[in-house]
Each structure stands twice: as structure tokens, then as C-alpha cells.
Amino acid sequence: MSDHAAFRQTIQAFLVDKLTPELKAANSRQAGVFADAELSRRWHSILYDQGWIAPNWPVEHGGPGWDPVERFIFQDESARAGAPYIPVIGTQMCGPVIMRYGTDAQKARFLPAMLSGEHYWCQGYSEPGAGSDLAALKTRADLSQDGTHYVVNGSKIWTTHAHKANWMFMLVRTSQEAKPQAGISFLLTPMDAPGITVQPIISISGEHELNAVFFDNVRVPVENRVGEENAGWGVAKYLLEFERGAGAAAGRIRRFIDQARIMAQAEGGGGGASFWDENPDFRARLAQLEIEVLGLEFSEREVAAKLAAGQPIGATSSLLKLGASTLLQRATELNVEALGVYAMPDQRAALGFAANTPPVGPDYAATPMAKYLNTRAATIYGGSYEVQHNILARVIGL
Ligand SMILES: Cc1cc2nc3c(=O)[nH]c(=O)nc-3n(C[C@H](O)[C@H](O)[C@H](O)COP(=O)(O)OP(=O)(O)OC[C@H]3O[C@@H](n4cnc5c(N)ncnc54)[C@H](O)[C@@H]3O)c2cc1C
């Protein structure tokens, strides 16, 4: 048996042991992009105790020292097993930035707390007038006269889990004179700093994942700046490589396909047999989707192998992002279709970690409509569908 096959078995055994029926049941009531904070914390601490909470970190900072293929296997098996999808904003996005650009003091302060889960992070990039065109951001940070801190004023929007996070990394404008990209800095701020207000944005499905965050003369110590002043654009772009980089989405999408099949076989089709038996068109679309998800999985494996060989993946991350987001949307559409009338009722009371209200209809009826609605955002966050196409068009010289 190859090392990687043995590694896969190790991960599977761990998941059988630690992913309890209770955790799986809680996860089956999740409809957001990430698992909600309480469930995330539970799974985070189990992975932390195992030393596996930051698969992409080097051993010297507390990572497991896995190669890219092992990381892929871990993510893939976790997704297939139905493990909570915990926010990657700290360990996967901010952690590598601090390792590369942070001072020794920042590394010592932030990396262990990120690993343990003591610090729960959110990402303050987007603003009302700065999403795809991020360099247009206006939130300003003015250096105090004594040079000890910045005074931050402005707002951020679409900030995932800002209402749960106790730290935010953010992009701010520290120079009004330079060209837009040259006047940006990267700051870290505790969310309980005086002057920060978090305002909920409720998603179309009823979830509270997103927020608007307002800054009114918030003081951020200069030692919380990562990288040089006005050099934040380079830091921001480095971080986005990790947001959009290699992934293992196929395993997660496959769960939705399996679920669609289960529901279609259980639900009546109206003519006396199951929806599955009565709808060859549905079966054909599900089979087509399965084929395309297999294609995505091969691409994900290829990227992992390339990274393991030290080869650049270039714009392939845009292809993966496009494939993962559009296939996920199609899989959740099939779920709603298979669920039929039970997709219609308001199931919000049955969603979330602490929900003890049964869904209207069978157990599996709680999440499909909410998931369907929430995954419309998959082609917006992390670089929109159109922006990814622009990147690909540039690469092939269109
Ligand atoms: C669920 C969710 C979670 C998010 N979480 C976070 C978070 O935690 N932190 C954070 O900072 N941000 C977050 N975002 C924000 C996200 O990064 C932005 O929504 C995204 O970058 C798009 O920006 P925008 O919403 O301002 O849309 P715009 O940039 O205004 O785009 C509007 C439309 O125009 C298209 N468009 C824009 N520019 C071009 C172009 N050059 N060529 C062709 N088409 C173009 C876009 O594709 C889109 O269809 C989140 C968003 C969502 C939906």
C-alpha cells in the first residue's frame, strides 16, 4: 500500500472515531457557508487536540507537516464523512500571512491563539464600494501624532462571522496620495475595541452569517500592522492565494448528489412510484453532474500533485473556484427538486447547531432550500464568477 493510501486510512479511522453521531447530526442542520461558531468550536478543539487543525502550516508553527496530497486527502475525507466545515479565515488565510510578513512578536502572539481557537477571526476586506475592485477601499487609518496607533474610520461589509469573531484582519487606506494599490495597509484589530459596531445582515435563507462593521475612531496599535505601511496590497494578494487556492470541494459536492439521490428515491413521484423512478430526466442530470464532479476531483488531485512537486498552479485556482461553485449550485438545485413540496415550508426553526425543532416533513427536509439559497453566493465570494473568467481570459491572452 502506498504511503498516501495508508494516510487515507488513518484519516478515515480518525473520522469514524471522533466524528460522533451527535456531531454529524448537528452538521446536517447547517446551511451556511461555514458551520456555525458553536459547532465549529467543538470540531476545532478535536482537531487541535489531534494536531490537525492547520493542515497547511509547517511543523515549526504547530502544523502537522503534511504534503499537499495529504492535505487534499484530509479535506476530501472530512467532507465525505460530513465533518463540520469550520471557518478557514484564521488558519488558512491569516496564518500564512503572519508567518510570511509578521514580526517575531506577532508570530508569537497570534499563531498559537489561532491554532487553539482562542482567537476567532473575520476578514475585513470588502466595503460597500469596494468588492471586486478591492483597491477602491476607503476605510482610512490615520497615524496618531505620537506615532503609536492608527485611528480607523469607515466600514466593511459582508463580513462573515464578524458577530462571533474576536479578531479581524483588515485592509485600510493609510495614504490618500499614492495610486490606490500603493496606499493600503494590513491591520489586525480586536473586535471589542471601542468604536467598532457590528450590524447583522440576514441572508435570504434566514441565516445570520454576514455583517456590516462600522469603525468610529477605532484605535489600533501600530504593532498590529502586518508588513510595512502602504505595502498592504502585496500582503492582501498573498492572502487571496490561500482563499482561492487549492481545495477539495468535490467531496462536499458529492454529498449533496448522494443526498439528492436518497431523497428522490424516498419521495413519491405522483404516479405511484418514487420521484427517482418516474423522472429519467432528473436521473440523467444527476449522472451528468456526477461526471463533472469527477472531473473536478481529478483537477483537484492534479493541483495537489503539482503543489507536492513544487510546480506553480497559476490560474488553475480560478478554474477550481469556477468548477466548485457552479457544480455546488447545481447539486443544491437537484436537492430542492428531489425534495419536492417539503422544500416549500419555512424550515428556519430547524436550522443551526442548537435547533431542536423538527423540520416540516422528513429529517432531511431541514436544509435543502436554505442550502440552495445560500449557495447562490458561492459564485460571488472569494472572487466572483465574472472576475474569475477575466483572470482566465488574461492568461490565455484574450
Ligand atoms: C456569502 C458571502 C460572504 C462574504 N464574506 C466576506 C468576508 O468575510 N470578508 C470580506 O471582506 N468580504 C466578504 N464577502 C464579499 C465578497 O468578497 C464580495 O461580495 C465580492 O468580492 C464581490 O464584490 P461586490 O459584492 O462588491 O460586487 P461587485 O464587485 O460590485 O460586483 C457586482 C457584479 O459585477 C461583476 N463585476 C465586477 N467587476 C467586474 C469586471 N471587472 N468584469 C466583469 N464583471 C465584473 C461581478 O462579477 C458581479 O456580478 C462575502 C460575500 C458573500 C456573498
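Student: If Ala, Val, Leu, Ile, Met, Phe, Trp, Tyr, Cys and Pro count as nonpolar, Asp, Glu, Lys and Arg as charged, and the others, Gly among them, as polar, how do the residues of the shell around the ligand divide?

Tutor: This is a predicted model. In it, the shell around the ligand consists of 10 nonpolar residues, 9 polar residues and 1 charged residue.

Student: How many residues surround the ligand, and which are the closest?

Tutor: The ligand is surrounded by 20 residues, and the closest are Tyr-125, Gly-131, Ser-132, Ser-384 and Glu-386. Two elements, β1 (121-124) and α13 (385-395), each give two or more residues to this shell.

Student: Which element gives the most to the shell?

Tutor: That is α13, with 4 residues.

Student: And which domains does the shell draw at least three residues from?

Tutor: Domain 2 (121-232) and domain 3 (242-395) each supply at least three residues to the shell.

Student: How is the chain divided overall?

Tutor: There are three parts to the division: domain 1 (3-116), domain 2 (121-232) and domain 3 (242-395). Between domain 1 and domain 2, the C-alpha centres are 26 Å apart. Their contact involves 16 residues of domain 1 and 13 residues of domain 2.

Student: Which elements give two or more residues to the domain 1 side of that contact?

Tutor: On the side of domain 1 that touches domain 2, these are α5 (89-101) and α6 (104-116). The most come from α5, which gives 7 residues.

Student: What is the make-up of that side: nonpolar, polar, charged?

Tutor: The side of domain 1 that touches domain 2 has 12 nonpolar and 4 polar residues, and no charged ones.

Student: Back to β1, then. Are its faces covered or open, and which residues show it?

Tutor: Both faces are covered. Trp-121 and Gln-123 lie on one side, Cys-122 and Gly-124 on the other, and all of them are buried. In general, side chains in a regular strand alternate between the two faces of the sheet.

Student: Which strand is joined to β1, and in which sense do they run?

Tutor: β1 is joined to strand β4 (residues 167-173) by 4 bridges, and the two run parallel. Within β4, Phe-169 is the bridge partner of Gln-123.

Student: What about β2 and β3? How do they pair?

Tutor: Strand β2 (residues 140-143) pairs with strand β3 (residues 149-157) in the antiparallel sense, over 4 bridges. Ala-141, for instance, has Val-152 in β3 as its bridge partner. The two strands form a hairpin with 5 residues between them, and Gly-147 in the turn has a positive phi of about 75 degrees.

Student: Is Gln-145 in that loop buried or exposed?

Tutor: Gln-145 lies in the loop between β2 and β3. Gln-145 counts as exposed because it has 6 C-beta neighbours inside 10 Å, and the cut-off for exposed is 12 or fewer.

Student: Which other strand does β3 pair with in the antiparallel sense over 8 bridges?

Tutor: That partner is strand β7 (residues 208-221). Ile-157 stands opposite Ala-212 in β7.

Student: One last topic, α11: how many residues has it, and how far does it reach?

Tutor: Helix α11 (residues 316-339) has 24 residues and reaches 35 Å from its first C-alpha to its last, close to the 34 Å expected at 1.5 Å a residue.

Student: What follows α11?

Tutor: Gly-340 follows α11, and Gly-340 has a positive phi, near 60 degrees.

Key:
Residues numbered from 1 in each chain as written. Predicted model: local features only at pLDDT ≥ 70, side-chain atom pairs only at ≥ 80, totals over all residues. Pairing = 2+ DSSP bridges. Near = placed C-beta within 6 Å. Nonpolar A, V, L, I, M, F, W, Y, C, P; charged D, E, K, R; others polar. Domains from an automatic or database assignment. Contact = placed C-beta atoms within 7 Å. Expected span 1.5 Å × (residues − 1). Buried ≥ 20, exposed ≤ 12 C-beta atoms within 10 Å, placed from the backbone.
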